Amino acid sequence: MKIIRSKSELRELTRGWRVSGESIGVVPTMGALHDGHLSLVSAACARCDRVIVTLFVNPKQFNNPEDLEKYPRTEDSDAVKLAPYDVDVLYVPDGAQMYPDGFATTISVDGVSDGLCGATRPGHFDGVATVVAKLLRQSDADFAFFGEKDYQQVQVVRRVSEDLDLNCEIVPCPTVREDSGLALSSRNLRLDDAARQRASIIHATLSETARAIASGQEAGSALDKARGSLLAHGLGPIDYLEMRRERDLAVVQDNTAPARLFVAVWLDGVRLIDNLAIG
Ligand code: AMP
């Protein structure tokens, strides 16, 4: 696995792959890799001739400077974790590569960026859309792999790729969880053992609520009960706990079209998100 830090060097390599007709997959990450990230890497290696994993902590998607500062940066151990996989390149651009002096373009996606994390983290999805458009162009990828743990993000980057004719298929991959049900996240590193244990109530609550709605309980009261359960277990505040239609993330009152539950909740100063399909 080659470590590349400049977009020109990356372009030189991908040009050669293109000439020989090889398909290219990219896995965008912010590092601090865990088994959730590695499941995307594994899916990319299974599907593509060449695989690029990117590692860039994107300042434009953090609406809170303290969150950005606290974000773990672990390039060396990330490279060790990738060694068993058939990854061709670990691409680690710095801020100047991504946002040189004079950089002035922001990509903003209407509709699917509204609500949920878009409402509680202003500017977050503009930052995501902008960096992902750049990473897809820089890697010249045919396929880009994203986790369903960030389901709204998958919908945002799908729109970016389609709307800007980037010719890159967005491949969603299932959420990887701890045995307790807690979705793996770099942010879990900031929870102590007891908090991590308590956090398992998030998935348990989503599962119970999804089951209740699928079996005919009225969604509003099922969601109220779920909010009560999270708060009773010492989690909170709750940024949102909502049911949305899968296709376009529209707010719905029932699950006649495929729908999902979405939650963002705080625990010991750490913001955790998760989502689950109903039925
Ligand atoms: P991040 O480094 O947090 O930006 O995440 C990079 C990619 O890994 C994104 O596509 C995330 O959705 C995905 N990811 C993060 N956690 C998980 C997980 N538990 N299961 C599957 N994919 C994940």
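These notebook entries record what I looked up in the structure.

**Basis.** I worked from a predicted model, in which local features need pLDDT of at least 70 and side-chain atom pairs count only at pLDDT 80 or more, while totals for chains, interfaces and linings use all residues. Residues are numbered from 1 along each chain as its sequence is written, and side-chain values use heavy atoms, with hydrogens and water left out.

**Entry 1: the parallel sheet.** I took helices (H or I, at least four residues) and strands (E, at least two) as DSSP runs, numbered from the N terminus. Two strands pair if DSSP finds at least two bridges between them. I found an open sheet of six strands with parallel pairing, in the order E1-E4-E3-E2-E5-E6. Its edge strands are E1 (2–4) and E6 (169–173), each of which pairs on one side only. Neighbouring strands of this sheet are turned by 25° against each other on average, direction ignored. Axes here are lines fitted to C-alpha atoms, for helices over the stretch in contact, and angles run from 0 to 180 degrees between N-to-C directions. E5 (residues 143–147) pairs with E6 in the parallel sense over five bridges; Phe 143 has Glu 169 of E6 as its bridge partner.

**Entry 2: helix H1.** I then examined H1 (residues 7–19), which packs on the sheet and touches E1, E2 (24–29), E3 (50–55) and E4 (89–91). Contact means heavy atoms within 4.5 Å. The direction of H1 makes about 145° with that of E4. I counted as buried any residue under 20% relative accessible area, as exposed any over 50%, and as partly exposed those in between (1.4 Å probe, protein chains only). The buried residues of H1 are Leu 10, Thr 14 and Trp 17. They cover an arc of only 50° around the axis, which puts them on the same side of H1; the arc is that of the directions from the helix axis to the C-beta atoms. Ser 8, Glu 12, Arg 15 and Val 19 are exposed on the other side of H1. The buried residues of H1 pack against E1, E2, E3, E4 and helix H7 (124–139). Gly 21, with a positive phi near 75°, follows H1.

**Entry 3: the antiparallel sheet.** I found an open sheet of three strands in the order E7-E8-E9, with antiparallel pairing. E7 and E9 (270–277) are the edge strands, each pairing on one side only. The twist averages 10° from one strand to the next. E7 and E8 pair in the antiparallel sense over seven bridges, and Leu 241 has Val 263 of E8 as its bridge partner. H10 packs on this sheet, touching E7 and E8, and its direction makes about 150° with that of E7.

**Entry 4: helix H10.** Which residues of H10 are buried? I listed Ala 219, Ala 222, Leu 223, Ala 226 and Leu 230. Seen down the axis of H10, these fall within an arc of 95°, so they line one face of the helix. Lys 225 and Ala 232 are exposed on the other side of H10. The cover over the buried residues of H10 includes helix H9 (193–214), E7 (238–245) and E8 (259–267). Gly 234, whose phi is positive, near 85°, follows H10.

**Entry 5: Ser 207.** I located Ser 207 in helix H9 and found it buried, with a relative accessible area of 18%.
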